[in-house]
Amino acid sequence: MTDEPLLESAASRQPSLGDTNEDDALRNLVAHLVQEQPYAVLCTQGGGQPYGSLVALAVTEDLRSAVFATPITTRKYRLLCDCERVALVIDSRSRSSEDMMQIEAITATGRARQVSPGAEFEHETNLLIGRHPQLELFVRSPTTALFRVDIIRYLHVTRFQEVRQWTPIRG
Amino acid sequence: MDSDPWVIPLAAASCDDQRIGGKAAQLARLQQAGFRIAPGFCVTVAAYEQFLRESQLQRVIQMELGRKPFEELRWEEVWDAALRIRNRFSAARLPLAVVQSICRTVRTLGSGTPLAVRSSAPGEDSAQRSFAGLHESFLFVVGEEAVLESVRLVWASLWSDAALLYRQELALNPLRSRMAVLIQEMRTEDRSGVAFGRDPRKDQNEHAVIEAVPGPCSGLVDGSVDPDHWLIHRAARQVVTFRPGRREGPAQNEPLLQPQDLESLLLLLDQVESELGWCPDVEWTGRGSCLTVLQARPITSVRHDPNDKRPWYLTLRPDKQRLQQLCQRVAEQLIPELCALGDRLAAESLEDIDDAELADCIQSRQALLERWKRIYWDEFIPFAHGVRYLGMYFNDAVHPQDPYEFVGLLRGEDMLASQRNRLLQVLAQQVQEFPELQRTLQQAAHASSAASVFEWEAWASQLSALGGGCQFLEAFQTLLRQFMDVAFGGLRLIDNPAPLLRNILELASQTNSSAASVESREEPATQELEQRLLDAVGAARHDEAREVLRLARLSWQLRDDDNLLLARVESQLLRALQVAGARLKVAERLNPDAEVRADAVPMICAALRNPADAPLLLPAALPHPAPLSPRASGETPRQLVGQPAAHGLASGSVRMIRGPEDLGSFHAGEVLVCDAIQPMMTHLVPLAAAVVERRGGMLIHGAIIARELGIPCVNGVPNALDLLQDGDRVTVDGYLGIVTVGVAEFRLELE
């Protein structure tokens, strides 16, 4: 797997596989899964050690970014502060856990950054609370940090090993 | 109207319609069979579900009830969850379509018509279970807005503490509960009451029971009007007993119902039983041929486990009238009596009485203690619900974002523990002012010899020669006499002043008196909150609001004091036992290393009365064993979750306070971990960086004191005492209710 392309550099962006129609179809699959599944496994790293955490997630309609929140007393918060490169794994096991060949999964890779209070914070908070209204007090707690992940690409897996990549187009 | 999924008129409802709940379905059936029923309609279960769906409240409920296994939630925690859920129900928007349907139907009944808004949950009333009184009902509701608000609160009452606990008792899953609401015209004739097809206190008998009150039935149901009561042989139609209700008024001795009225009611019972197929409990209004059935449900005969305390919890639902009665008795009679008893027993000299008199004294003190413990359960604890009554009252009026904002109204009450803590602050300030005194006290407090009263007195004579020493000694002895002659964990705190001395030195090491600064800071906030409450209820209800406040404040203050006063009486029993133990040991009739505890009363008294008996052998006092940690090898707690009881974020080393022997070990800046903060240990809280308790509740001592002092508190952490150990580094997040174990890896300063 190649290194993640820089967000700002269109030239370094990895091309999507397939033609436009296939691209749309894959985009729709990704969109469907992130809309269906409210949670993701957040993958972080530190000192060469990977770490996984289940997070409640909201993804923007254009699929370019995701938002989640974490208490600042957690290991994942420290790892996020130390390294912005993250992955998010979302899968459909809750829909079809019996038949492995029916399970879909996506791995979204990107960069996470903490959102400071302000207009952007309110916007991202509303996105997250809109998806998870029960988390309002949690998200607005002074000891909770809000993170936005700028998603660089999605890797979509079906039928156990069939992997396709889709890169959201940035304006 | 029939196709409206949100409301169904009673006249059009199907008798077995699950959408309208049990109460409404039974009335619909009776109406269709020709019984007189007040016109009305039912807000369907579907409307409730739509409300939950649109507001996404189901997820809020799942969060609240999913913090830990429901059966492990203590009653206080259930109450807290219920209050938070109720607050969210109050704040959530009703679905527009439901609002339109309800308002349209209310207008058909007449917008100015007083209405009864009652719960009608599916499965609510059956022969096996009855939720009577557990879900809310509102009477004489006038106007569309008031009806909508009542519907919202009836829905919320599905999640009241009592309703949740009752479901727990019946092993019903609360998360599957649903609620319909019955809305009917208020029918109030000159007589109302209840009629039971058989005596509900007995399983099988031939007697019907009829109770009647003048005016609306609500007075009988809420207990504010004492009813006339008839026990009638149902088949023979003969009155077996009649007991007139105790009511004021000129015609109080006249029975409210004549024989023909009783006959009509018995006929009604026969007909309802024939129609519904079970022996009914009917709520009615009117007389003769104008009897209206307000409600009909099966008589339940649920047998309670005598050891199950939940039915007792259910009796604790706040009721203003009961609180007023309790307040009068507790504040004016019981607390002064208990206070005087403690003083009298403390003043009694036990040295000069003979052994038999000492045995009498011990037994008398034990009997007094038992009596007051019963009063504590029967009257002091129920009166403590004045605080909760204020919580509901404040939230219904003010609709605050934080459902515990009302706790700010309780600040500044002059409790015994506050007086003690102020005196401790004064002593700490004296120590700060005199460095020589501080050094000497440090030696005294940390020398092992300071662990006994005798040695302490030796140190005391040394202190009196130092600058500030006499003043300190005088205040310290006052403190011991007035506040430390209490029992805690089976010991008398007055017997060992060294821990207290250490606490004072720790307080003196703090530069500021946090308690004092908090009091001055919070005072305006209390006044502001009070004004918000008064503004919200309106001028016409100012007296009512002030009365609710008065009850709550007294309830909060006395609820704290009663613990200390009871502990003072227990201390006097322990003192008498100590005297007895010393005498028996001198006479070589008790082993010298024996520990004389309260459970040895019968043996000690027998030994005192029968000097010829063989010497008594009691277990020796053992050093306090180090608690065994159930941590499995390789298992290390990382994050513990509880209830965020006081906001803040702090790190520190764990110090467990398991009993009186740990009080002196507490150092400033440590995290206080305990089962629950007792009034005997509240003076440690200002020293603590944070508080963690096993016992949960937003209104328990630890939570309220921590909130006052601005110290983070997480409570309701089930295994806090097992999973944490002295010296563990922890971070307490009082915003989220998380205790993180390990060295803090983040900045504590919040932006």
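**Note on the interface of chains A and B and on the fold of chain A**

1. Some 60% of the area buried between chain B and chain A, which comes to about 1600 Å², lies on carbon and sulfur atoms. The values in this note refer to a predicted model.

2. As to specific interactions, three residue pairs are in polar contact between chain B and chain A, counted with both residues at pLDDT 80 or more.

3. On the side of chain B that touches chain A, at least two residues come from each of helix 3 (57-65), strand 20 (729-733) and strand 21 (738-741). Helix 3 of chain B gives the most to this side, with three residues. Sorted by class, the side of chain B that touches chain A holds eight nonpolar, six charged and four polar residues.

4. In terms of residue counts, the contact involves 17 residues of chain A and 18 residues of chain B.

5. Turning to chain A, its secondary structure consists of five helices and eight strands. Read from the N terminus, these elements of chain A follow the order α-β-β-β-β-α-β-α-β-α-α-β-β.

6. Chain A has 171 residues, of which 47% are buried. Among the contacts in chain A with a separation of 6 or more, 67% join residues 24 or more positions apart.

7. For the area buried between chain B and chain A, the share on carbon and sulfur atoms is 60%.

Technical notes
Residues numbered from 1 in each chain as written. Chains lettered and ligands numbered in written order. Predicted model: local features only at pLDDT ≥ 70, side-chain atom pairs only at ≥ 80, totals over all residues. Heavy atoms only, no water. Contact = heavy atoms within 4.5 Å. Buried area = accessible area lost by both parts, 1.4 Å probe. Polar contact = N/O pair within 3.5 Å; in protein donor to acceptor, adjacent residues only side chain to side chain. Helix = DSSP H or I, 4+ residues; strand = E, 2+ residues; numbered from the N terminus. Nonpolar A, V, L, I, M, F, W, Y, C, P; charged D, E, K, R; others polar. Buried < 20%, exposed > 50% of the residue type's maximum accessible area, 1.4 Å probe, protein only.
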